[in-house]
Structure formats: structure tokens, C-alpha cells
Amino acid sequence: MTTTFPDISISTERLVLRALEPADAPALAEMMNDEQVATWTPVPQPFTEAAAYGWIGDYAPTEHAAGRGLDLAITEFLTQRLVGVIQLAHTDWRVRSTELSYIVAPWARGEGYASEAALATARWLFRDQGFERVEIRTAADNAASQQVAQRIGCISEGVLRGACIARTRAEDGSWTDLRTDFIVWSLLPEDLEGVPEELGEAGYSSFADWS
């Protein structure tokens, strides 16, 4: 039984999803230092280029080789510019289930990239990899990320109370942890019936888990 994801590239009307490359590190570091990324994800702040190179050269390949997940750069087809990242994690190969997370750079928000990339990844998982379930977890106050889940056909399954640590700015400018809830969303193959092959979204979306 296959227990690792293949090396792949997924193309949509506007995007190419591919493996992260060392050349992506500067843009990745800039993206990770965005205020909203810091709010909704546990990535270290500040996020340095060294950390970006470590993610690309060590963390992502290790998770991939172990069969736990897959990290894909979201790039514009025309410009090849990095606009975001898709991450698959906590993969269960017996259940054929994985958790999908997403983030989009500040300058690229509102263009529909998050939902376009997430939908393309879900279709690939169901059609080509034989997966039966995709799960998304969104912080309770991250409305834009929830909109992405809804747009691609996800069903809300419930709330994990107090299971998410978000962050907020303290008066001195430092970050303070803020406990909140996770909303759990699921997507099954049949949920994609009636969902257009290409769709857009407005607003910001974030990774639910990076650890």
C-alpha cells in the first residue's frame, strides 16, 4: 500500500502547485512575517530566511519521506511568483484521510487563490490518490479561512473547544497567546458534486497547524 505522496505538480487556470524550492525562501519568509499569519498560525516570529530554508530543505522533505504530509508552493502561472502554500499533514493512509491547510501572501489575498489551490488539491487527492476524506481546521474567529472551506464544499462537523492557540498583539507590541476553538470541516468525494472545477474566493486564509 502506498504510504507517501508522489512528487507532483498541479495546474489550474491561474496557478501551479509544486514542491517548495530554495529560491522560494525569501518570499516565504516575507509571507510568514505578515501580521495575520502571525495571528492565526504558530510559526515563530520573526520568521527568518534561515527558518524558511530549514522548512524547505529539512522539514518538508522529512514529512514527505515519512508519509505524514506534503508541502506545495502556490505560484502564479504567468509570473511564477510565490503567492502561498498548501500543506497536507497528519495523513492516515489506512483511512485515506489527510488534513489540508493553506496560506496566501498579503498582496495576493482577495484573488481567489486559496480556494482555487485547495479545491485543486482536494480533487487530486480524491481522483488520483484514492483518498476518502480531507479535513480542514479553522480558528473560530478566522472567518475568511472558514469561507474558503465553505466555498470548496466542506461540511462543518463541530467545534474542538479550546484546541487552538491564536495570538494577539500586546500593548508593548509583543505577541500574546490567545486560546480559542477550532472549527472542524470535512470534505468527502461526494461533496464535490456540483462544485465548479474552477472557483474563486475573497479574503484571507491561513494554515491551521504547522507543527
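In β5, Ser97 is the bridge partner of Asp92. In this predicted model, the pair belongs to the contact between β4 and strand β5 (residues 97-104), which run antiparallel and are joined by seven bridges. The two strands form a hairpin with four residues between them. Within that turn, Arg96 adopts a positive phi of about 60°.

Strand β4 is also joined to strand β3 (residues 70-76), again in the antiparallel sense, through six bridges. Here Asp71 stands opposite Gln87 of β4. The hairpin of β3 and β4 has five residues between the strands, and Gln80 takes a positive phi near 65° in this hairpin. Of the 11 residues of strand β4 (residues 82-92), nine are buried, that is, under 20% relative accessible area; the strand is therefore largely enclosed by the rest of the structure.

On the sheet as a whole, eight strands are arranged in the order β1-β2-β3-β4-β5-β6-β8-β7. The sheet is open and its pairing is mixed. Its edge strands are β1 (10-11) and β7 (155-169), each of which pairs on one side only. Strands of a sheet pair through backbone hydrogen bonds, in either a parallel or an antiparallel arrangement. The parallel sense is found between β5 and strand β6 (residues 133-139), which pair over three bridges. Ser97, the bridge partner of Asp92, stands opposite Arg133 in β6.

Two helices lie across β4 and β5. Helix α1 (residues 25-32) lies across both strands and runs at about 80° to β4. Helix α4 runs at about 35° to β4 and lies across β1, β2 (15-19), β3, β4, β5, β6 and β8 (175-187).

The length of helix α4 (residues 113-128) was compared with expectation. At 1.5 Å a residue, its 16 residues should span 22 Å, and the end C-alpha atoms are 22 Å apart, which agrees. An α-helix has 3.6 residues a turn, so residues three or four places apart point the same way. After α4 comes Gly130, whose phi is positive, near 70°.

Key:
Residues are numbered from 1 along each chain as its sequence is written. This is a predicted model: local features need pLDDT of at least 70, side-chain atom pairs count only at pLDDT 80 or more; totals for chains, interfaces and linings use all residues. Side-chain values use heavy atoms; hydrogens and water are left out. The expected span of a helix is 1.5 Å times one less than its number of residues. Buried means under 20% relative accessible area, exposed over 50%, partly exposed in between (1.4 Å probe, protein chains only). Two strands pair if DSSP finds at least two bridges between them. Contact means heavy atoms within 4.5 Å. Axes are lines fitted to C-alpha atoms, for helices over the stretch in contact, and angles run from 0 to 180 degrees between N-to-C directions.
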